[in-house]
Amino acid sequence: ILNDLYDRTKLKSLCLAGGCALNSVANGKLSDRTSFERVYVPPIAGDAGGAIGAAYVVWHDKLGNPRSFIMDRADWGPGFSEKEIQAELDCRRETLMDAGWQIQHYPAEEQLCRETVEMIAAGQIIGWFQGRMELGARALGQRSILADPRRQDMKDILNRRIKHRESFRPFAPSVLEEATGEYFEQCHPSPFMTMTYQVKPEKRSVIPASTHIDGSGRVQTVNAATQPLYARLLRTFEQRTGVPVLLNTSFNEQEPIVCTPREALDCLLRTQMDGMAIGNFLIRRRN
């Protein structure tokens, strides 16, 4: 169908929407099997995106405004200030302390990333609660649980301690956009985790925890211009380990992805996570 569309139009760029466009395996094959050079799938390609489409029908067609907006990022959900996060931590401080947690404040992003990376590189599982929540079904570095993709056993550890998912379901890799072609056979940007690419054979043993049994990974490419803090974390992990990839799964446990600081703390206390970076605060076990 798409090759027929290309033959008719000769256009180089393709935008897909609708529920079928959330089939990341099919999307990942389009660059090899069609002549389209750029493929765009929004983070809310299904029914939820109809709300934005309806708004733009009014904005452009009814009101006659020019087209200018480009959805190149997904963090359009609720966000919480440092003061709001601090207030929630203060309310829960006694509970956290009694449960064996300590709270540290790192005003500098560089230090927050460095401390978080040290925990991940040591095999710990960390909640990452930063900025405004993502639109759509995928955690993209705002409401994520992060782990070391180099550990062969990390998938089983995550499932046993937190996610409780079927063993056949893979976990996704987040990779610095500029390093995509080094680790995957396709290198087109996939900022919303809507493309599944084959991991290069020589890299499958490097990131086994985020490589599916068929050698693939549902990739999120991270661009420093649109996600500066998450890109900084990945770059720090690369400096520490030589690998510009993190295992990224949604911040939840058999329930919707956490949205608020309160929900994030509930999930932390209920599960066997090792810590959480929430705003400029890092919560970790005393032992």
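A residue is called buried when its relative accessible area is under 20%, exposed when over 50%, and partly exposed in between. The legends below describe a predicted model.

**View 1. Salt bridge between Arg 150 and Asp 148.** The two side chains meet at 2.6 Å, N to O. Arg 150 has 32% relative accessibility and therefore counts as partly exposed. Asp 148, with a relative accessible area of 1%, is buried.

**View 2. Salt bridge between Asp 153 and Arg 151.** Here the N to O distance is 3.1 Å. Asp 153 is partly exposed, its relative accessible area being 34%. Arg 151, at 30%, also counts as partly exposed.

**View 3. A network of salt bridges made by Glu 88, Arg 92, Arg 262 and Asp 266.** Within it, the side chains of Glu 88 and Arg 262 meet at 3.5 Å, N to O. Glu 88 belongs to helix 4 (residues 82-98) and Arg 262 to helix 9 (residues 261-270), so this pair ties together parts that are 174 residues apart in sequence. Glu 88 counts as buried, at 13% relative accessibility. In the whole structure, a search finds 18 salt bridges.

**View 4. Strand 4 (residues 126-129) and the strands that pair with it.** Both faces of strand 4 are covered. Ile 126 and Trp 128 are buried on one side, and Gly 127 and Phe 129 are buried on the other. Strand 5 (residues 143-147) pairs with strand 4 in the antiparallel sense, over four bridges; in this pairing Ile 145 is the bridge partner of Gly 127. Strand 10 (residues 275-278) runs parallel to strand 4 and is joined to it by four bridges, with Ile 278 standing opposite Phe 129.

**View 5. The largest pocket, holding about 1000 Å³ of space.** Its lining consists of 36 residues, and those nearest the centre are Cys 15, Tyr 40, Pro 42, Ile 70 and Met 71. Strand 1 (13-15), strand 2 (38-40) and helix 3 each supply at least two lining residues. Helix 3 gives the most, with six.

**View 6. The largest cavity, with about 70 Å³ of space.** Among the residues that line this cavity are Asp 72, Arg 73, Leu 140, Pro 191, Phe 192 and Thr 226. The count of cavities of 30 Å³ or more comes to two.

**View 7. A nonpolar surface patch made by Val 58, Trp 59 and Leu 63.** The area of the patch is about 300 Å². Val 58 lies in helix 3 (residues 50-62) and is partly exposed, with a relative accessible area of 42%.

Technical notes: Residues numbered from 1 in each chain as written. Predicted model: local features only at pLDDT ≥ 70, side-chain atom pairs only at ≥ 80, totals over all residues. Heavy atoms only, no water. Patch = residues over 30% accessible without salt bridge, like charges linked within 9 Å, V, L, I, M, F, W, Y side chains within 5 Å. Areas by Shrake-Rupley, 256 points an atom, 1.4 Å probe, with all protein chains shown as cover. Salt bridge = Lys/Arg side-chain N within 4 Å of Asp/Glu carboxyl O. Buried < 20%, exposed > 50% of the residue type's maximum accessible area, 1.4 Å probe, protein only. Pairing = 2+ DSSP bridges. 1 Å grid on protein atoms, 1.4 Å probe; cavity = no way out; pocket = protein on both sides within 12 Å on 5 of 7 lines; lining within 4 Å. Points joined across faces, edges and corners; volume = space filled by probe spheres on them.
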